[in-house]
Amino acid sequence: MWRAGLYTDSEDGLPTGTSEEQAQVEDACQRLFDELAGPDGKLLRESVHLRRSDHVAYLHAGLGSLGEGYASLDASRPWLCYWIVHSLAILSPEPLSPSLADGVVGFIGRCIDPVGGGFCGGPYPGQSAHLAPTYAAVNSLVTIGTAEAYAVIERAQLGSFLLRMKQTDGSFTMHDDGEADVRGAYCAMAVATLTGQLEARLARGTADWLLRCQTYEGGIGATPGEEAHGGYTFCGALPGASPRGFAACATERLSAAATTPRPAPHPARCLRGRAARRALIRII
């Protein structure tokens, strides 16, 4: 039986504001758990139901306005649209109303960088184009799926932006003069696939670069040589999440490695073949 206090029990008698807030969260979770537990303390899973209508109402409210607590996400506003629109597409029995859809499409259209292509984290001017909000914006438009939504995507400018982010080693920077990591490769490849622009010159070298990000643990780090992380592993290798082009290339490399005798690798190097796949499955 799960019980609260796993974190706060280890505060060594020196509570802080953070530990007190943690205790409050644990207590709230405990109360919810107790409501759904049987006499033996085990969770009665059949009594747990998805409160679909409550979630849908919450999501619809978010498309209208958000509280001041969301101010820190000012540079991630296309993400808010994506999270809400995508969740509604899954949970709501009704499609997004034309007025709400037009509102989202109009807002995302104002986030386009008309000079360099790509989408910004908020209306342009004021913010710079970035691969992460570009991914969120394109997915939002594709999820809405209307002619007006598709018309927002300027494919030529978007393609130029993606190519500008491409680096010679196969990685992608998140924005002009920005950091290059696995997120960039995932966002760029996904956007290119959704908009029909996954060209050979865009994908060239990316699969090899992603494979270099795999660690001895089996997972994938942000860049070659970094610690494996679940989020980066998703971006780099989760089956079905990667565009077919570089996913197939990565599989080919792994399959070839599985049938080719190699000396035992140094722990600092990537795993190969079956060992790599087993380790990857284990970390996921």
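These legends walk you through several close-up views of a predicted model. Residues are numbered from 1 along each chain as its sequence is written, and side-chain values use heavy atoms, with hydrogens and water left out. Because the model is predicted, local features need pLDDT of at least 70 and side-chain atom pairs count only at pLDDT 80 or more, while totals for chains, interfaces and linings use all residues.

**View 1. Tyr 82 and Tyr 135 form an aromatic pair.** Rings of Phe, Tyr and Trp (its six-membered ring) pair if their centres lie within 6.5 Å; planes under 30 degrees apart count as stacked, over 60 as edge-to-face and the rest as tilted. By this rule the count comes to six aromatic pairs. Tyr 82 and Tyr 135 make one that is edge-to-face, at 6.0 Å centre to centre and with 80° between the planes. Tyr 82 belongs to helix 3 (residues 77-91) and Tyr 135 to helix 5 (residues 131-144), so this pair ties together parts that are 53 residues apart in sequence. Helices here are DSSP runs (H or I, at least four residues), numbered from the N terminus. Both Tyr 82 and Tyr 135 are buried, meaning under 20% relative accessible area, whereas exposed means over 50% and partly exposed lies in between (1.4 Å probe, protein chains only).

**View 2. Tyr 135 also pairs with Tyr 186.** Here the ring centres are 5.4 Å apart and the planes stand at 45°, so the pair is tilted. Tyr 186 sits in helix 8 (residues 182-194) and Tyr 135 in helix 5, so the pair ties together parts that are 51 residues apart in sequence. Tyr 135 counts as buried at 9% relative accessibility, and Tyr 186 counts as buried at 9% too.

**View 3. His 130 lies in the loop between helix 4 (98-109) and helix 5.** The side chain of His 130 reaches the backbone nitrogen of Ala 132 at 3.0 Å. Leaving aside residues up to four places away in sequence, His 130 touches Phe 119, Phe 161, Met 174 and His 175, where contact means heavy atoms within 4.5 Å.

**View 4. Asp 74 and Arg 77 form a salt bridge.** A salt bridge is a side-chain nitrogen of Lys or Arg within 4 Å of a carboxyl oxygen of Asp or Glu. A search of the whole structure finds six of them. Between Asp 74 and Arg 77, the closest N and O atoms are 3.8 Å apart. Asp 74 counts as partly exposed at 40% relative accessibility, and Arg 77 counts as partly exposed at 31%.

**View 5. Glu 179, Asp 181 and Arg 183 are linked in a network of salt bridges.** Look for Arg 183, whose side chain meets that of Glu 179 at 2.8 Å, N to O, and that of Asp 181 at 2.9 Å, N to O. Glu 179 is partly exposed, with a relative accessible area of 35%. Arg 183 is partly exposed as well, at 28%. Asp 181, at 6% relative accessibility, counts as buried.

Definitions and conventions: Helices (H or I, at least four residues) and strands (E, at least two) are DSSP runs, numbered from the N terminus. A polar contact is a pair of N or O atoms within 3.5 Å; within protein, one must be able to donate a hydrogen and the other to accept it, and residues adjacent in sequence count only if both atoms are side-chain atoms.
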